[in-house]
Amino acid sequence: MPVESSAAGITPWRAARRRMLRHQGFLIGVALLLAIAAMALAAPWLAPHDPYAQDLANRLVPPAWDAKGSWEHVFGTDHLGRDYLSRLMYGARISLLVGLGAASIGCVIGVTLGVAAGYFGGRIDQVVSYLLTCQLALPGLLLAMSLVFLIGPSVAVVIGIIGVLHWTYFLVVTRTVTMQIRELDYVTAARALGATRWQVISHEVLPNLANQIIVIFTLEVGVAIIAEASLSFLGVGVPAPNPSWGLLIAEGKNSMFFRPWLVVVPGLFLFALVIAINLMGDGLRDVTAPENRN
Amino acid sequence: MALLEIKDLRVEIPMPGGILHPVRGVDFTLERGQTLGIVGESGSGKSLTALALMGLAPAQARVRAGALKLDGRDLLGLTQRELARDVRGSRMAMIFQEPMTSLNPVYTIGRQLTETMLLHRSATAAEATARAVRLLERVGVTGAAGRLGQYPHQLSGGQRQRVMIAMALMNDPEVLIADEPTTALDVTVQAQILRLLAELQQEFGMALILITHNLGVVSRVADRVAVMYAGEFVETGTTAEVFETPLHPYTRGLLASIPQPGRVEPGARLGAIPGIVPSLLGEIQGCAFAARCSHARDACRLALPPQREAGAGRAYRCVMAEGEARAAASDVGGGLRSGGKGMAAGGSAPLLSATGVHCHFNVKRGLFGKTQRLHAVNGVTLAIARGETLAVVGESGCGKTTLARILLGLIVPQEGKVLLDGAPLAGGATRAVARRMQPIFQDPYSSLNPRRTLAEIIRRPLDVHGIGTPQERRRKVDRMMALVGLHGRLTHSYPNQLSGGQRQRAAIARAIIMEPQLVICDEPTSALDVSVQSQILNLLLDLRAELNLTYLLITHDLAVVQHMATRVAVMYLGEIVETGSAREVFAAPRHPYTQALLASAPTVTPGAGIPDNRLGQSYPNPLEPPGGCRFHPRCPRAMPLCSVAPPPEIRDGDSCVRCHLYTESQPRAA
Amino acid sequence: MLRYALKRGLMAVLVAITVSVATFFLLDSAGDPAVAIAGPDAPRETIEQVRRQYGFDRPWPVRYTEWAAGVARGDLGQSFLRRQPVAELIATYAPVTIKLAFSALLVTILIAVPLGVAAALKPNSGVDRLALSAAVAAQALPSFWLGLVLIVVFAVTFPIFPVSGDDTWKHFVLPALVLGTTSVPAVMRLTRTGLLDVMASDYIRTARAKGFMGLQLILRHALRNALLPVVGVLAVQLGHKLGGSVITESVFALNGLGRLSLEAIVGSDIPTLQMLVFVFALTFVALTFLVDVLNAWLDPRIRLG
């Protein structure tokens with residue numbers, strides 16, 4: 001007795017894809033991000049010079065558009081004669097590496113704690129909430145700076161420290177959403193099937209968290225990138241001679257009145273990268289949960 | 001001159017995919033002192049019609065009409081500012097469905113009442129306060145003066161709705177629009193509120209527009225009724241005319257799809273309207289109902305059928321001429337529709353039994369209040385025999401959902417035993433238990449995982465229990481889908497692509513795929529539209545016969561109970577107050593609460609009004625249940641003994657009742 | 001209500017203590033304080049001597065208890081670097097940071113709240129899009145870069161505001177702008193979403209049905225409900241500004257606690273650092289406690305239970 005035969009609309013995946021292709025912000029973000037990522041990946045082939053090669057005879061050469069500049073060094077050289085453009089390109093690698101690495105660490109910590117607290121409630125939730133409050137009360141930047149300095153600055157240390165201090169957003173959202181999902185009937189139905197707790201969490205809860213986790217992950221990559229740049233700027237992040245954009249700005253600060261591009265250009269790159277990531281993240285949020293928009 | 005004159009009201013809402021036409025040409029007039037009931041299912045446009053009348057349609061909506069006049073004055077040409085100043089809240093008032101969220105939580109009741117008057121009239125604060133108190137008393141809120149300083153969250157749902165009514169009356173409106181005013185309330189409270197509305201309408205001389213999906217309510221309360229489908233009125237007339245001689249196929253279909261004791265025998269198949277409501281995006285060619293109509297002809301699909309007059313104030317929009325329509329109406333009405341596929345009587349050893357089950361929760365009031373104990377289930381004993389359908393009936397807060405979870409093994413009670421086929425349910429919903437007993441839930445939108453396809457959802461029980469090879473599982477899923485009436489094409493659809501009825505069918509398929517013996521249905525049709533409810537009820541009845549299922553049906557809808565149940569257990573504040581065979585309990589209810597429930601249930605009885613269920617106003621607080629018999633503060637037959645001692649269970653064969661009015665020697669008469 | 005306040009207060013203190021323990025432990029294990037003081041190139045005996053002299057050879061719980069007891073007494077430790085009591089240092093540098101934090105909060109409120117309200121009242125309009133774009137841009141702006149750019153502009157091109165030092169109120173304008181804009185995206189979005197939700201709520205529909213509209217509707221019925229959560233977030237942001245001003249102070253050469261922290265970190269001045277972290281945590285916890293109590297008092301659902 002087939003009675004109901006028509007399904008309205010299209011699958012959620014196709015609907016999402018369609019929305020993605022129409023969302024201007026998302027497309028701009030993705031395009032920009034891909035461009036910078038491509039530059040980062042292809043740096044060994046694209047960069048005109050070795051970013052670490054010092055050339056003390058050619059210090060502080062101005063960029064190509066200046067009268068005294070040349071196309072040999074399109075953006076000029078820094079105070080140790082290193083080619084600025086090459087350093088900029090390699091800097092993208094550091095930003096992206098730190099961003100992805102730190103966000104991943106934060107994601108694992110935050111989501112695990114969030115799902116545990118949200119699903120099991122009770123004591124576990126109390127402990128996790130307490131941990132969260134303590135973490136929020138910590139002056140994160142100060143602690144990050146101190147730890148990086150005391151342990152010894154390196155890229156790995158920076159990734160680790162930033163990651164370990166940036167899980168709160170993941171936790172808060174995951175916990176809230178898990179608590180909501182836990183009350184829904186399809187979770188009760190799964191429990192009534194005799195499914196184990198892990199089966200329920202992995203089959204019912206996690207797929208419904210995935211969208212939000214992706215969005216938060218994207219935004220946290222941006223946060224981590226800026227955190228790394230700030231730490232490096234203050235001298236307690238990625239150590240010299242790595243071409244971190246934050247370091248480039250710090251190095252250029254001393255002569256910024258006469259050579260403002262030393263400060264402006266890496267900052268613009270940072271701004272562009274993070275804006276691209278944020279546009280993509282916001283776009284993802286709009287696209288995967290359009291009901292949350294307005 | 002009519003008080004309200006509406007001609008060709010249309011509402012259009014521009015959407016990304018096109019233009020939505022939720023209201024497509026509504027005409028009616030309303031006289032002073034008259035009650036018009038607008039009845040329709042979800043998506044029919046009835047709420048939006050009311051909002052458009054008040055000028056409260058969404059900002060992007062375009063409202064157009066040939067005429068929209070209140071007492072001769074044209075409302076269409078007024079600006080929002082003029083409407084707000086002169087009409088809304090003063091001449092036309094509206095109350096809404098959700099009393100729990102319709103009041104501002106940060107202002108006192110008193111302030112929300114008085115500000116209505118102070119906004120529209122030049123009255124002093126004292127005058128407004130005095131009127132507020134008077135109105136609160138009139139709508140039946142006890143301790144009115146004291147309530148002024150209270151906040152909404154300190155009142156129950158029924159009390160809040162009374163406050164909403166008082167607010168609407170502050171400025172003596174000429175028209176009161178009530179949009180599903182009682183849908184979110186319990187049956188007994190619903191009856192009280194509806195009676196109140198009827199009384200107030202008489203007293204204040206207002207015209208009342210009552211919007212509802214409940215045919216029983218509208219038949220009893222309204223003078224005239226308009227049946228709305230897909231944005232237009234398909235039939236109008238007096239209540240008696242429309243319900244006794246439905247001229248439009250949709251009206252006929254609606255009436256045939258509700259279980260009507262006295263007209264349809266329990267267990268018989270209900271009429272069903274196939275298909276779903278058409279999309280309102282873009283223009284609809286021809287009759288909107290044609291795709292679902294058994295009388296449809298080619299003409300129906302080509303052009304909009306004419307509005308036909310069938311007497312004074314009687315109209316319907318159909319190709320069928322009056323004579324033909326009347327003939328079709330009499331075909332359906334009258335005569336008992338017979339018979340069910342036999343309902344097995346009880347008698348064998350109980351399949352599921354609960355003995356002395358106590359379950360309490362520790363609840364914290366507010367963020368800093370003390371922890372209180374909520375006795376959700378208080379000494380419940382019941383048994384379900386193989387093949388029978390036991391209905392557990394009660395209103396919100398009675399503990400029936402908690403009981404269901406306990407029986408499923410999802411909650412472990414502090415005291416008491418639950419036995420499934422003689423074996424205790426130790427440690428919860430184990431695999432063995434799950435194979436024999438499965439649930440179906442109320443909300444088809446939250447009972448399916450939105451990120452999984454239908455095939456995955458229906459197959460899940462087999463996956464979890466490791467039954468069969470992947471091919472066997474696939475075949476079983478196909479078989480189940482056919483059994484519940486889902487087309488194979490839907491196998492890889494996601495829940496959000498399906499209608500409510502389709503989702504509920506999927507949930508049923510999931511529940512029966514392991515061939516359980518017992519299915520626990522928690523309000524299986526309450527969240528569905530009327531025309532879809534009958535489809536699901538028919539399905540449940542068919543499956544019962546075909547698969548030899550035993551049902552535990554939890555519901556508040558007495559019509560469904562009478563239609564499907566063999567035995568009934570009535571629950572109040574965590575206790576079972578009466579059990580018995582369905583026939584007995586409905587014919588001769590013993591417990592005063594059961595009597596009140598039955599009196600409050602709105603059956604389709606044109607012009608009957610709402611009887612007084614004599615329950616009074618003290619709403620029970622589950623955290624502080626009354627001493628003695630829990631029902632005594634509301635009981636119209638309470639005796640001094642009732643407030644002191646909890647009544648014992650009086651058994652009489654298969655039935656029992658928990659009331660001081662009955663004794664062992666006299667279990668029937670009281 | 002009193003019970004609520006007490007419970008929250010106790011929790012607050014507990015959190016501050018936990019934070020101080022965690023910090024002590026982390027700072028202690030992250031690096032070797034003896035090495036930090038003696039210098040990485042010092043010979044082993046010197047390092048051992050320093051270790052014994054400062055008592056670093058004792059287990060850290062013992063040293064923590066000593067420190068905690070000292071704090072309870074009012075002795076906040078002695079700076080390794082400056083050879084001054086930490087309490088004095090903090091007292092000297094605190095005023096600048098406090099001035100900066102509050103001015104930054106003012107900047108945030110003045111920009112974010114009106115923008116959020118305007119955006120919510122006309123969703124999808126030009127104002128809304130502007131507000132959301134501003135939020136996206138501000139989120140991507142590294143604060144230190146914004147600071148440097150502002151310095152270049154205002155020192156070279158339009159010399160209106162001074163670019164370093166902290167003597168007059170003018171010195172705080174640019175730093176407040178920089179520190180303030182970091183919170184603008186979050187606060188703006190919260191205000192916007194909060195107000196949007198309120199405007200779509202059932203009780204606003206009731207108010208409209210009663211005849212309210214326009215500014216009267218918003219001011220009387222919507223804003224109060226919508227801004228309640230924003231107050232909480234603002235307090236949290238204030239806490240963050242107090243503890244996170246190091247970048248701004250560094251860029252604009254302000255002599256506040258942030259500057260002091262940076263110096264302490266680079267100079268391995270553990271006592272100062274430990275105390276600073278504790279002070280910041282305590283302040284944050286106190287602020288959130290005040291906000292909790294304020295919220296509980298303002299929301300009748302919590303106040304009256």
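Two strands are taken to pair if DSSP finds at least two bridges between them. The exercises below use this definition on a predicted model.

**Exercise 1. In what order do the strands of the open sheet of chain B stand, and which strands are at the edges?**

Solution. The open sheet has eight strands, and reading across it in chain B gives the order 19-20-21-16-22-23-25-24, with mixed pairing. At the edges stand strand 19 (437-440) and strand 24 (649-652) of chain B, and because each has a single partner strand, one side of each is left without a neighbour in the sheet. On average, and with direction ignored, neighbouring strands of this sheet are turned by 20° against each other.

**Exercise 2. Which strands of chain B does helix 13 lie across, and which does helix 21 lie across?**

Solution. Begin with helix 13 (residues 400-408) of chain B, which lies across strands 16 (389-393), 19, 20, 21 (550-555) and 22 (567-572) of that chain and runs at about 155° to strand 20. Helix 21 (residues 592-600) of chain B, in turn, lies across strand 16, strand 22 and strand 23 (575-581) of chain B, and its direction is at about 105° to strand 22 of chain B.

**Exercise 3. At what angle do helix 4 and helix 12 of chain A pack, and which residues make the contact?**

Solution. Helix 4 (residues 84-120) and helix 12 (residues 261-288) of chain A pack at an angle of about 40°, and their axes are 11 Å apart. Helix 4 of chain A is therefore oblique to helix 12 of chain A. The crossing of these two helices of chain A is right-handed.

On the side of helix 4 of chain A the contact is made by A:Leu88, A:Gly91 and A:Ser95, while helix 12 of chain A brings A:Val265, A:Pro266, A:Phe269 and A:Leu273. Sorted by class, this contact has five nonpolar residues, two polar residues and no charged ones.

**Exercise 4. How many residues of chain B are in contact with chain C, and which element of chain B gives the most?**

Solution. The count is 31 residues of chain B, in contact with 24 residues of chain C. On the side of chain B that touches chain C, two or more residues each come from helix 2 (80-87), strand 7 (92-95) and helix 3 (109-120) of chain B. Helix 2 of chain B gives the most, with four residues. By class, the residues on this side of chain B divide into 14 nonpolar, 12 polar and five charged.

Methods:
Residues numbered from 1 in each chain as written. Chains lettered and ligands numbered in written order. Predicted model: local features only at pLDDT ≥ 70, side-chain atom pairs only at ≥ 80, totals over all residues. Axes fitted to C-alpha atoms, helices over the stretch in contact; angles between N-to-C directions. Parallel < 35°, antiparallel > 145°, perpendicular 65-115°, else oblique. Left-handed = near helix turned anticlockwise from the far one by under 90°. Contact = placed C-beta atoms within 7 Å. Nonpolar A, V, L, I, M, F, W, Y, C, P; charged D, E, K, R; others polar.
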